[in-house]
Amino acid sequence: MTDPALAALAPDYVRRIAPYVPGKPVEELARELGLDAATIVKLASNENPRGPGAKVRAAIATATDELTRYPDGNGFALKAALAARLGVPAGQIVLGNGSNDILELVSLAFLEPGDEAVFSQHAFAVYPLATQARGAHGIEVPARDHGHDLKAMRAAVSARTRVVFVANPNNPTGTWLAPEDVHAFLATMPDDVVVVLDEAYNEYLEPSHRADSVAWIAAYPNLIVSRTFSKAHGLAALRVGYGVMDATVADLLNRVRQPFNVNAFAQAAAVAALTDDAYVEESRALNREGLAQLYAGLDALGIPYVRSYANFVLAKVGAAGRINVSLLKQGVIVRPVANYGLPEWLRITVGLPGENERFLTALARALAQ
Ligand SMILES: Cc1ncc(COP(=O)(O)O)c(C=O)c1O
């Protein structure tokens, strides 16, 4: 912050926020290193590598005709499609500018200075950010085998805890919690603590690993399930996600959200995406093969990794900073995760087969240097 007097206008807890570091954009690396952007492989932000499906492209083209109008602030069509899919009334759904928005809305609605929010070590970076932005305290619970230690998280809940964030699968570790364990965790949670079950990678789970967590809301009205169109649905650029919750909780979140938080293209594309189950299934299959390819390559290089239930792999490369610089010079962008307390690790998003190969070849070269 270059002007201390200006910076002092903000509360101390805002000034102490460590800004979110996004994956490096392809164009930025191209500019920095004088590389041809077309040759760069980006495996840094857990995006779907396939590009949008035909139904989504057509929906966006049609939505262009309404560009001069505000979008539907209540997201009627998208909520109706989600309600039909999930078996809940539309009034239990809140749309977000990405599911990130839902996480922010939860903190805005439920946290105030002095409150506590509980989350795991090595969990999604937005939980501490959203917590601190309200002047609340983040309680980071040590991870177990890189994943959430639900018992320890329950023990960390105090009288001041208002929100608990659980990511399943978790980013950046790719770890997964069995649904029965999450359900048992919910059962022990006090009624006055909101539990956010962040299922951003849900569609990448094999069906046998998925549970109807939305159905748990009837028994646990303090549960919010958040999901996104950014990952398996392939709409990261549009920013659209949603939360499913008790209607009273939805009403609270709607009070603190921007009136037009989800743009018209995003709404139209998401409705179209919900009609294209084949796209998601193909994406899951491609991801399964990509994970196997990355595991085999990492095994061959003797690099340990955490088995992933999502569309990325956390790999222990050792000198991650140096390896990352070498990868960048070779036109491969992955994600360093030192800011997640994992200084020796890199997170690699599963790409297309050729992209995965490019990464593995570049990694071999980086390790040999
Ligand atoms: C665990 C988790 N939750 C939420 C998000 C937010 O994604 P979006 O805002 O694109 O829905 C991400 C994005 O990487 C994530 O990894």
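Which residues have the most contacts inside the largest nonpolar core? Before selecting them, note that this is a predicted model, in which local features need pLDDT of at least 70 and side-chain atom pairs count only at pLDDT 80 or more, while totals for chains, interfaces and linings use all residues. Residues are numbered from 1 along each chain as its sequence is written, and side-chain values use heavy atoms, with hydrogens and water left out.

Select L82, V164, L223, F229 and L235, which have the most contacts inside the largest nonpolar core, a set of 43 residues. Such a core consists of buried (under 20% relative accessible area, 1.4 Å probe, protein chains only) Ala, Val, Leu, Ile, Met, Phe, Trp, Tyr and Cys residues joined through side-chain atoms within 4.5 Å. A second, separate core of 32 residues includes V106, A136, I224 and A250.

Next, select helix α4, residues 54-63, where V56, A59 and A63 are buried. Seen down the helix axis, these buried residues fall within an arc of 65° (taken from the directions from the axis to the C-beta atoms), so they line one face of α4. They pack against α11, residues 264-274, with contact meaning heavy atoms within 4.5 Å, whereas A54, R57 and T62, on the other side of α4, are exposed (over 50%).

Finally, select the ligand, whose surroundings (residues with a heavy atom within 4 Å) include G98, F124, D198 and R239. An oxygen atom of the ligand is 2.5 Å from an N or O atom in the side chain of T228.

Note on methods. Helices (H or I, at least four residues) and strands (E, at least two) are DSSP runs, numbered from the N terminus. A polar contact is a pair of N or O atoms within 3.5 Å; within protein, one must be able to donate a hydrogen and the other to accept it, and residues adjacent in sequence count only if both atoms are side-chain atoms.
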